[in-house]
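Me: Hey, I'm new to this one. Can you walk me through it?

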Amino acid sequence: MSTRIVAPQPERAASRGLTDLRPDREWFRWSGRHPVGALLVTAFVATQMATTAGYFMPAIGLPELPWPLHNGHVAAPATPEGTAASYFAGQFMHYFNGIAFVFVFALLAYPKLPFRATNTGNLLKALTFCTILALVAAGLLAPLIYRPGTGLGFFSFGHGWKFPFAILVWHLFFGVHIAALHNPVRVRQIQLEDARREQA
């Protein structure tokens, strides 16, 4: 079996210049050509990064947020919590939620949020959306769905401020990664730069 190295097309490489082949710019070029695929990748990466951060919250003095474990309790209530079956059911539900929320953000919330079409505005849109998700998680999901009867109370302040604060930090971390990978402003900037370069 032979391995071939495929070189970039000369005319495309020449028009962009080899110094322009940066991973971030190539990502946004690819995102512009494959917007749905880019949203799927964005959702997976953002969910994975935030999920990992949830397990490491104790490192900064906050309670652990094992969302796949909690989702397993909801997705498979007849399965003992903490078992492999419960965990994988929760993991599936958790990632499905992450993908769904990224699509809701990109297709429905992003155009409606009032911030300007800038890189900063893009970040503010994602953080605002994820703050709303945090309020829903702390005010509804944690006390009424995931841990009913444990005294979490109003917006999960029943056991102090750290738990609701951890929920907010987790969702903001999720939002930062969404904004880093889903940036229509950068996509448009790069498309315009490429069009000008091809016309020159």
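Me: Which residues make the nonpolar surface patch?
Reply: V74, I132, V136, L140, L144 and I145 make that nonpolar patch, which covers about 480 Å² of the surface. Bear in mind that this is a predicted model.

Me: Which helix gives the largest share of the nonpolar patch?
Reply: That's helix α6, residues 119–146, with five residues in the patch. I132 is placed in helix α6.

Me: And why does I132 count as partly exposed?
Reply: Because its relative accessibility is 46%, and partly exposed is the range between under 20% for buried and over 50% for exposed.

Me: OK, new topic: the inside. How many residues does the largest nonpolar core have?
Reply: The largest nonpolar core has 33 residues, and L65, F105, I167, W170, F174 and I178 are the ones with the most contacts inside it. Two or more residues each come from α3, α5 (84–112), α6 and α7 (162–181). The most come from α6, which gives nine.

Me: What does F174 touch?
Reply: Setting aside neighbours within four places in sequence, F174 is in contact with A46, T47, A50, G98, V102, C130 and L133.

Me: What about the other core, how many residues are in that?
Reply: That other core lies apart and has five residues, including F28, A38, V187 and I190.

Me: Back to F105. Where is it, and is it buried or exposed?
Reply: F105 sits in helix α5. It counts as buried because its relative accessibility is 1%, and the cut-off for buried is under 20%.

Me: Which residues does F105 touch?
Reply: Not counting residues up to four places away in sequence, F105 touches Y110, P111, L113, K125, A126, F129, I178 and H182. Take A126 from that list: F105 and A126 are 21 residues apart in sequence, and their C-alpha atoms are 7.6 Å apart in space.

Me: Last thing, confidence. What's the mean pLDDT of the chain?
Reply: The chain's mean pLDDT is 87, with 90% of the residues at 70 or more.

Conventions:
Residues numbered from 1 in each chain as written. Predicted model: local features only at pLDDT ≥ 70, side-chain atom pairs only at ≥ 80, totals over all residues. Heavy atoms only, no water. pLDDT = per-residue confidence, 0-100. Patch = residues over 30% accessible without salt bridge, like charges linked within 9 Å, V, L, I, M, F, W, Y side chains within 5 Å. Areas by Shrake-Rupley, 256 points an atom, 1.4 Å probe, with all protein chains shown as cover. Salt bridge = Lys/Arg side-chain N within 4 Å of Asp/Glu carboxyl O. Helix = DSSP H or I, 4+ residues; strand = E, 2+ residues; numbered from the N terminus. Buried < 20%, exposed > 50% of the residue type's maximum accessible area, 1.4 Å probe, protein only. Core = buried A, V, L, I, M, F, W, Y, C linked by side-chain atoms within 4.5 Å. Contact = heavy atoms within 4.5 Å.
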